[in-house]
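Here is a short briefing for someone meeting this structure for the first time. Look over the sequence and the model, then read on.

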Amino acid sequence: MRVLWFLGGAVTGAVLTLVTGVVLWLQETGPRRAQIEVRVENHTGQDVQEVRLEHADGQVVHRLLLKGDSLAMSYVPRGESSYRLLAVLEDGRELRGGAGYIESGARTREVLEPERVVSSDP
């Protein structure tokens, strides 16, 4: 009788291990949710102390974007999305911009100019 219990437990453990392995494999190899990528370029003539990308599910923050540099900020949306961009310049001024509507997998470009933010497709 003990042998049957031991054998049953071993089979149950093997099946659970196999199922867990398949689930993890499918999760790793399944289609990825498309990220939204926002490329931010600093053409303000001064350093940017903070760039904040705010979206429905949270925010992405980057500190210190040097003048003339660019960076890519990305996030995974839950369906349709929009974002707001806030840049705090070295002199304390704030520049605001962002896309009113954006689809999963899209890429946009935000150019920080001295007095405004210009949004466009890359």
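The points below cover the strands, the core, the surface and the salt bridges.

This is a predicted model, in which local features need pLDDT of at least 70, side-chain atom pairs count only at pLDDT 80 or more, and totals for chains, interfaces and linings use all residues. Residues are numbered from 1 along each chain as its sequence is written, and side-chain values use heavy atoms, with hydrogens and water left out.

**The open sheet**

- Four strands make an open sheet, in the order S3-S2-S5-S6, with antiparallel pairing.
- Strands here are DSSP runs of E with at least two residues, helices are runs of H or I with at least four, and both are numbered from the N terminus.
- Two strands count as paired if DSSP finds at least two bridges between them.
- Strand S3 (58-65) and strand S6 (94-97) are the edges, as each pairs on one side only.
- From one strand to the next, the twist averages 15°. Such angles run from 0 to 180 degrees between N-to-C directions, with axes as lines fitted to C-alpha atoms, for helices over the stretch in contact.
- Strand S2 (residues 48-55) is joined to S3 by seven bridges, and the two run antiparallel.
- Within that pairing, Val51 sits opposite His62 of S3.

**Strand S1 and its partners**

- Strand S1 (residues 36-42) is largely enclosed by the rest of the structure, because five of its seven residues are buried. Buried means under 20% relative accessible area, exposed means over 50%, and partly exposed lies in between (1.4 Å probe, protein chains only).
- S1 pairs with strand S4 (residues 70-75) in the antiparallel sense, over six bridges.
- Arg39 has Ala72 in S4 as its bridge partner.
- S1 is also joined to strand S7 (residues 107-112), by six bridges, and these two run parallel.
- Glu37 stands opposite Arg107 in S7.

**The nonpolar core**

- The largest nonpolar core has 19 residues, and Val40 and Leu112 touch the most other members.
- Such a core is a set of buried Ala, Val, Leu, Ile, Met, Phe, Trp, Tyr and Cys residues joined through side-chain atoms within 4.5 Å.
- S1, S2, S4 and S5 each give at least two residues to this core.
- S5 supplies the largest share, four residues.

**The surface patch**

- Leu7, Val11, Val15, Val19 and Val23 form a nonpolar surface patch, with about 430 Å² of accessible area together.
- Patch members have over 30% relative accessible area and no salt bridge; nonpolar side chains (Val, Leu, Ile, Met, Phe, Trp, Tyr) are joined within 5 Å, and like charges within 9 Å.
- The areas come from the Shrake-Rupley method with a 1.4 Å probe, and for residues only the protein chains shown count as cover.
- Val19 belongs to helix H1 (residues 2-29).
- Val19 is partly exposed, at a relative accessible area of 47%.

**Salt bridges**

- The structure holds nine salt bridges. Each is a side-chain nitrogen of Lys or Arg within 4 Å of a carboxyl oxygen of Asp or Glu.
- Arg52 bonds in this way with Glu50, and their closest N and O atoms are 2.8 Å apart.
- Arg52 is partly exposed at 22% relative accessibility, while Glu50 is buried at 13%.
- Glu54 forms a salt bridge with Arg84, with the closest N and O atoms 3.1 Å apart.
- Glu54 lies in strand S2 and Arg84 in strand S5 (residues 83-89), so this pair ties together parts that are 30 residues apart in sequence.
- Glu54 is partly exposed, with 23% relative accessible area, whereas Arg84 is exposed at 55%.
- Glu115 forms a salt bridge with Arg93, and the closest N and O atoms are 3.3 Å apart.
- That pair links distant parts of the chain, 22 residues apart: Glu115 is in the loop between S7 and strand S8 (117-120), and Arg93 in the loop between S5 and S6.
- Glu115 is exposed at 63% relative accessibility, and Arg93 is partly exposed at 29%.

**A backbone detail**

- Leu64 has phi near 60°, a positive value in a residue other than glycine.
- Leu64 lies in strand S3 and is partly exposed, with a relative accessible area of 45%.
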